[in-house]
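These are my notebook entries on one model.

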Amino acid sequence: MYFILYIGENQIFGVADTGLDMNSCFFIDPDVPVPYNTISNVHRKVMTYITYVDYVDDSSNGHGTHVCGSLLGKCYKDSGEAKGYNGVAYNAKLAFFDIGLAGSNSLAIPSNIESNLFGEKKIFIFGIYSIKI
């Protein structure tokens with residue numbers, strides 16, 4: 001039996017969900033602006049945040065933040081009690097596509113997922129996706 005420690009090194013995951021709380025200790029980078037609607041490799045966790053609907057996780061349960069945190073969240077200070085709650089692939093980066101409607105529990109799923117979600121300059125360019133639909 002083999003055990004491989006997968007921590008997401010040099011990996012980028014694409015997620016489409018309700019939104020992402022960029023003030024969460026697992027995603028914040030106080031020295032680098034959030035790469036809204038652009039691509040950047042400078043932010044410590046997020047390579048792109050496509051604001052298809054908006055740029056907040058306004059769902060009643062923070063679903064997008066929870067999913068992304070479980071997948072690849074990494075505490076900013078990487079110390080203290082919160083470190084024990086890092087995501088599975090905590091060294092990976094994120095390509096996020098916000099499809100959550102602020103003030104509701106609904107998702108605004110693009111009518112043409114192939115071109116609007118996976119099209120040019122969207123999350124498909126990263127090759128790995130985990131989509132909640």
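**Entry 1: ring pairs.** Ring pairs join Tyr36, Tyr49 and Phe96 in a cluster. The model is a predicted one, in which local features need pLDDT of at least 70, side-chain atom pairs count only at pLDDT 80 or more, and totals for chains, interfaces and linings use all residues. Residues are numbered from 1 along each chain as its sequence is written, and side-chain values use heavy atoms, with hydrogens and water left out.

How many aromatic pairs does the structure hold? I found three. One of them is the tilted pair of Tyr49 and Phe96, at 5.1 Å centre to centre with 50° between the planes. Tyr49 sits in strand β2 and Phe96 in strand β3 (residues 93-98), so this pair ties together parts 47 residues apart in sequence. I took strands as DSSP runs of E, at least two residues, and helices as runs of H or I, at least four, numbered from the N terminus.

Tyr49 is buried at 0%. Phe96 is buried, also with 0%.

Next I looked up Tyr52 and Phe97. Their pair is stacked, at 5.2 Å centre to centre and 25° between the planes. Tyr52 lies in the loop between β2 and α1 (63-72), Phe97 in strand β3, so the pair links parts 45 residues apart in sequence. Tyr52 is partly exposed at 37%, whereas Phe97 is buried at 0%.

**Entry 2: Thr48.** Thr48 is in strand β2 (residues 46-50). I get 2% relative accessibility for Thr48, so it counts as buried. What lies 2.6 Å from a polar atom of the Thr48 side chain? I found the backbone oxygen of Thr38 there.

**Entry 3: cysteines.** A disulfide is a covalent bond between the sulfur atoms of two cysteines. My rule was a pair of cysteine sulfur atoms within 2.5 Å. The count by this rule is zero. Cys75 is in no disulfide; the nearest cysteine sulfur belongs to Cys25, 4.0 Å away. Cys75 is buried at 7% relative accessibility. I also checked Cys68, which is buried at 1%.

**Entry 4: positive phi.** Most residues other than glycine have a negative phi. Asn10 has a positive phi of about 60°. It lies in the segment before β1 (12-17). With a relative accessible area of 72%, Asn10 is exposed. Asn37 has a positive phi too, near 55°. Its place is the loop between β1 and β2. Asn37 is partly exposed at 47%.

**Entry 5: the whole chain.** I noted two helices and four strands. Along the sequence they follow the pattern β-β-α-β-α-β. Of the 133 residues, 42% count as buried.

I took a contact as heavy atoms within 4.5 Å. Of the contacts with a separation of 6 or more, 65% are between residues 24 or more positions apart. The accessible surface, by the Shrake-Rupley method with a 1.4 Å probe, is about 7,500 Å². Carbon and sulfur atoms hold 54% of that surface.

Key:
Buried means under 20% relative accessible area, exposed over 50%, partly exposed in between (1.4 Å probe, protein chains only). A polar contact is a pair of N or O atoms within 3.5 Å; within protein, one must be able to donate a hydrogen and the other to accept it, and residues adjacent in sequence count only if both atoms are side-chain atoms. Rings of Phe, Tyr and Trp (its six-membered ring) pair if their centres lie within 6.5 Å; planes under 30 degrees apart count as stacked, over 60 as edge-to-face and the rest as tilted.
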